[in-house]
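Please walk through the sheets, helices and nonpolar cores of the structure shown here.

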Amino acid sequence: MPKSCMSCTFVTLVASITFASAHAAVPADYLHLDYCVIGAGPGGLQTAYFLQQSQRHYLVFERSNLSGSFFVRYPRHRKLISINKRYTGKQNKEFNLRHDWNSLISHDENLLFKHYAKDFFPHADTMVHYLNNFTNKFDLKVRYNTEITWIEAEKDPRAWNGHYFFLTDQNDSHYRCSVLLVATGMWVPNMPDFPGSEYAEGYESISVDPAHFAGQAVLILGRGNAAFETADNILGMTNFIHMLSRSRVRLAWATHYVGDVRAVNNAMLDTYQLKSLDGLLEGDLDNIAIVQDKKGKLHLRLRYHFDKSKASQDVSSNSNNQRLMYEEEADNFSVRQPYDRVIRCLGWKFDFSIFNNLTKPQRGRGRMNKYPLVKASYESESLPGMFIIGTASHSIDYRKSAGGFIHGFRYTARAVHHLLEHRYHGITWPATTLPITHLTNMIIKRINEASGLYQMFSVLADFVLLRKNATEFEYLEEYPIGALPHLPENTGKDATNGLFVINLEYGSNFSRPESDVFHPSRAVGEPGHAWLSNFLHPVIYFYKRLPTETEMMQRPKFWPLPRPDSIHHIVEDFLTNWTAAKAHILPLRRFLENCLGTDLRSFFAESCFKFALTNQYVPPFCRHGYLNMQGLLGDEILWLESVEMDHPSSDAVSTEER
Amino acid sequence: MAQWHSYLCLILLYAVYFNAVDGMKMLRTLNQQHFINILQSGKTSLIYFKRTTNPSIRLFLQQLEKSSESLGEYGITVAQVNCATEKVPKYCENEDVLKKAYLFRGNIMLRSFATDTLFDVDAIVANVLFILLFNEIKYVSSLMDLHDIENNMKGRGDVIFTFVRAIGVPEHRAIMETAFVYGAKYQFVLTTEQSVLEGMDLEDPDRLSAKLWFCHCKMATDRNQPCKRSSFKQPLTTVNIHSYLKVLEAPLVTEATVPPERVSTVHVQLKMPVVFIFTQRETYEHDRITAESVAWQLLGRAGVVLVPRTQLQPNVPADVTVGYRPAGGDFSINYFVITSAEEIVDLVKGKVTTREEDDEEEDEDMDFIGVQDDEVSEAIYRDRWRELDVDLVQALTDSSFPSSLATIPHVVVLFYTAWDAVSMAFLQSYMAVSTKLADLKDLVLTRVNCGDWPDVCLKENVTCFPAVKIYIQGENPLLYTGMLGTQSLLKFIMLSRVPNPVLLTSAEDVEAYLKGELHRDLKPHWDIPVVGLFSPEMKKVKDAFIEAAYSLRGTVVLGLYTQRDVSYLSQKFGAALPALVFVRNEESHMEGIHLDSLSTEDIVSAVKSAMLEKLPEITVENFPSYFQPLKPLLILFIDNDDTKTLKAREELAELTKLSVQMYTTCWIDLRNTPVGKEILQVYLNYLPQLPALILVQLSSSGQVFAFPEGQLIARMGVLHWLKKVQTGQEDPKNLLQGREWTPPQASYDFLAIMDIVRPGFAKQRIPNSAKQKNLYEEEENETEYLSESNEEEDQNEPAAEFEKVQGTSTPSNKEKKIQHEFHNEL
């Protein structure tokens, strides 16, 4: 796809000129850094926070003079659509992060976004304020006004990865980095090339004053949140708005993907369906042409006709265009009315131009073309030591999970950080080791509060590694699920004794653009039918051994993981509270017991005493607890019960009389 | 040459050794004198007179040899006489002698058996016993004969009627062995004639190889009324028949006065199915009749227990009429609303018969998956209606937690989660402790719900629940590692408040301390007083002692004495410095030991072992401190303080002084430890007269030995008995089954369900070699494709796209397409 972005071309041009001189050899004077982070947006800052916490030698490069500069301009109409849920009725801070879409992760509670804004959909300025505050509070090392224009790599056996990254900024200063963390975001506007594309104005520069659209007919290209946001803004002033995009509208509440059109933006859908002159159309932008008539009005036509007429008549293009406007087969062609303005709201692309041939990440395929391709560990496919973080890393879970948004990539940044700590500093992935009898509890605790699992469902998962003949386990939080086969080398943990993966999933058959997500039997309540659950619910996979890369590739269709030796679904819950003793905990315990071939029940000390005196073996609960002198005497409970046995309570009597 | 000799010697030694070992099994060879001795002894013997050996005789001799042990148990001697060397008159002269074996009782020859009827051990035992029990077992050849016998027994006793296809088969032996034991109790009747079965209403008598009926004649008082017959369904083995008879001897219907979970009958012990019929005063008569009718129909298959409704747990629905516990001894009971006896019988029969049918069994298992079998969760669930006033204990938050620690000298914190049953069970004990300590001004009991404040718990390094910590100002927090119970926690809290060690300043103080006269307020929590004696120069070991005292905070308070006159005390207690002095319990005197090792760990373990009694009373709470998995347990069970019991305890105390510590010797008082009764029941299958002395070898064999019941428990007798156990001369009373703790129930097998309901859904994809590389993205594209409208078709007809603006897409078509897609994949 040819690029027509003026500013990009310019940047590339500047970069190449600068490089004509410096390209020959490794620059002589440079600043060395262990970690270079490009971009001081939410992704870069989140990474910087973790690097700072672990006292790593790092620097963040920011071309603007403040953090989060994207939010100075975008969204154009200044309303963030990431929810700022300040009340959940719960005190659990980890749980509350499940419903906080704006905060970055930190140890400072004052840096929760809810302290910055009261609106449910906050103003974008608040985000700028927040991000700069975040930078300052933690004294993150950001070098502002430094635009990285060229990135290359040089082999060097002393380097951590066998090569160093060399960065050049707009002032021709050089930086040498052991590890490169690219958090440049998605900021290059997507401008497809079609006949007449020059007549379209861009979202990045369109007026936000509705008065400028009074009495106009407007065509909006694109059907994402930016397009709907723009339409919403001018809806009351236009004659009509038509929206054109390649695919049918994808509504977030139908797809469970927060990047799809959110209900907060969809007033256009109402006016279209209520026949109030506005309308939605489907068509590939490669197949259209925009033609301007003498009065300056813009006509939308099929490229097919455009090309045909162009071929047949090679006279003045102007008269040709005039003819084209009337050359339609059907005289009820939907878009026969001309427009006053065409607005392009087609999203953004990753800036590939700052990389040289060696460092340039591969592009994603198909729809993922706008993203750089990364491995499940967020590392570049081709070049070790280069990681893509922040919203640009969304190719992993595009249209699936939240990796393209603050409330998602704040967790992937943490996962990448753990990975770096292990790989370069020998610090293994943080883990808790406990006796096997605590496994059920641990899982229940995590599925009820963990925010990373919840936000990054099916991308980050918890891992339970069995130890000591399955009498103990090690619990790892929020490891990238796609990198399962490489868990040992990425975490420094041994996974040879079998493992559980704890994941959250939507039902595989539920979320689709046009599916009826309100159908009467949408919710499942029976634990025995849990696998048919539609809403987000915990799924636990058991593998006797670590799956291989091939098994991962050949995993069942629509599954995040290969077929396990055993699987358990915990039935969906209306309140997302999975603590019911019989519906949630008991079936989970049975699953774990059957995977491990043991008995995970808890017993009072008296039962353990009896087992210990009459049996060579005692259940694990008694072994870890009672025989370690930590048995559950339950004296008060059992005492109350015995009292009751002697004097049946009043309601027992009434039962009798029934 | 010399070497060769030594090999030979070795081989010979082995041979002798094996002969000695196999001595029991070797067929005895008698000389003439022996033979005469046996005949004159009056015992029963089976003798074979051997003249030559050929293969078939050698085979017979092998079988005879094998049977000698079994018959030995019935007091029958099995032997051979070698006629080649011993010319026993009459027998060795007989030409037929090779083909026969002879059964003697004293010098009377009862019967000779052709060797080919004694084809194996079963046949030998069966034939011999059959002859010996000639008077006890009646042989019948027609149904009339059986009726006559039954009539004769009516009102007097029950009849066991058996059929075997041939004499000498294993079933025949089982019946004979049973008759040997029960012959006096029941009238045994045997037949081999199939014609007798003709009138017995059997499905396929031709295929029957053996069968047993129990004819209930004792209860038939009317001569015209036939004896009820119950047929025995299981394979005829001695053990099966034995347990069947045991069940029949039990009352038809048991009336319980305890909750169904606690009912213990023969059926429960044999892990047979049990039906509980719930009754109340108004319907008792009717329920009793129903129960008896059910019990008759299920005789030998399931037990029936009549339980008063008042004994039901509050969580059991009020309308249930019947409880059913399937075979296998599982704890869970299922409840049903069934009124007729037929339905109840069907319930049990259905369960019993479908056990063999796989597919139905699966459904059955499903029912149990949702039944709570965790006793702690169950207790909490049952009690959920009883609102715990948890507010009596202050709940801390992320802000009040640090502020409480800063302002209150002693803060006890319980970390828990509300959904963890163990936490909630312990919370009740915790609240009881809180109430007891409410008067203390400088101490408060608090709680942190880790479900609300995971950050607080994480900071305090609490990763599993429940956990209790004590925060004493100016000291490191102390983690409680004792029993989750009221008394233990109370003791821990009280003791942890005392500075440890206590510095004693005079020799008088030391003695007062040991007598418990100092710190009287703590007396109830004091296990034993321990004092460390050090001379002022022993700085290093003194420091180790102080460190040990610190690590034992909450467990025991140590006294420390380092004055100049310490050597006086050292001499008085007979322990060289550095020394520990302690009083094990109130009755015993002060003891002193010399501290050999000077490390903190060794001092801690010395204190801990000083705290252990020589002959402790074992309770649920203290058992773990005495339990050593590899040591056999020697337990005295008592339930009162009569002289016999006290004497037994004294004798045992003396014994612990004498013998090396091979056993964990202890006593259990059933008044303090009621579960001891259940344990005894497991050990012996019955409740013996108390005091009873039991030896259990859990780790090795699971063998249980009981000191002879009638015998007085005295040290010499016990020693003698233990010796016999050691040398294998004592027979174990029981063998405990080593139960492995496997999953108590199946779980939902979602993979299997998926494979059935949605084939292919959970299947790994098979790589198409060409596409293999792109599999990963392929999915992405397919997802896209599936989730979006018919894009590709549209591209061929661009105009159609605009038309579609007005058209409605049909979701049903799309659904079909997806399905189609799906099926294609398969």
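In E23(B), B:Gly559 is the bridge partner of B:Val531. Strand E22 (residues 530-533) of chain B and strand E23 (residues 558-561) of chain B are joined by four bridges and pair in the parallel sense. Two strands count as paired if DSSP finds at least two bridges between them; strands (E, at least two residues) and helices (H or I, at least four) are DSSP runs, numbered from the N terminus. This is a predicted model, in which local features need pLDDT of at least 70 and side-chain atom pairs count only at pLDDT 80 or more, while totals for chains, interfaces and linings use all residues. Residues are numbered from 1 along each chain as its sequence is written, chains are lettered from A and ligands numbered from 1 in the order in which they are written, and side-chain values use heavy atoms, with hydrogens and water left out.

The open sheet of five strands has the order E21-E23-E22-E24-E25 (chain B), with mixed pairing. Strand E21 (502-503) and strand E25 (590-594) of chain B are its edge strands, and each pairs on one side only.

The loop between helix H20 (566-572) and strand E24 (579-583) of chain B holds B:Ala575. Is B:Ala575 buried or exposed? B:Ala575 has a relative accessible area of 5% and is buried, where buried means under 20% relative accessible area, exposed over 50%, and partly exposed in between (1.4 Å probe, protein chains only). Not counting residues up to four places away in sequence, B:Ala575 touches B:Ser570, B:Gly592, B:Ile593 and B:His594; contact means heavy atoms within 4.5 Å.

Another open sheet of five strands in chain B runs in the order E11-E13-E12-E14-E15, also with mixed pairing. Strand E11 (253-255) and strand E15 (334-336) of chain B stand at the edges with a single partner strand each, so one side of each has no neighbour in the sheet. From one strand to the next, the twist averages 25 degrees. Strand E14 (residues 322-325) of chain B runs antiparallel to E15(B), and three bridges join them. B:Tyr324 stands opposite B:Asn334 in E15(B). Helix H10 (residues 284-297) of chain B lies across E11, strand E12 (274-279) and strand E13 (303-308) of chain B, at about 165 degrees to E13(B). Axes are lines fitted to C-alpha atoms, for helices over the stretch in contact, and angles run from 0 to 180 degrees between N-to-C directions.

Now the helices. The axes of helix H13 (residues 375-382) of chain B and H15(B) come within 8 Å and cross at roughly 60 degrees. H13(B) and H15(B) are therefore oblique to each other; angles under 35 degrees count as roughly parallel, over 145 as roughly antiparallel, 65 to 115 as roughly perpendicular and the rest as oblique. In this pair, B:Val376, B:Ser377 and B:Ile380 in H13(B) meet B:Ala421, B:Val422, B:Met424 and B:Ala425 in H15(B). In helix H17 (residues 486-496) of chain B, ten of the eleven residues are buried, so H17(B) is largely enclosed by the rest of the structure.

The largest nonpolar core has 93 residues, of which A:Phe609, B:Tyr430, B:Leu533, B:Phe637 and B:Tyr683 touch the most other members. Such a core is a set of buried Ala, Val, Leu, Ile, Met, Phe, Trp, Tyr and Cys residues joined through side-chain atoms within 4.5 Å. Helix H15 (residues 421-436) of chain B gives the largest share of this core, nine residues.
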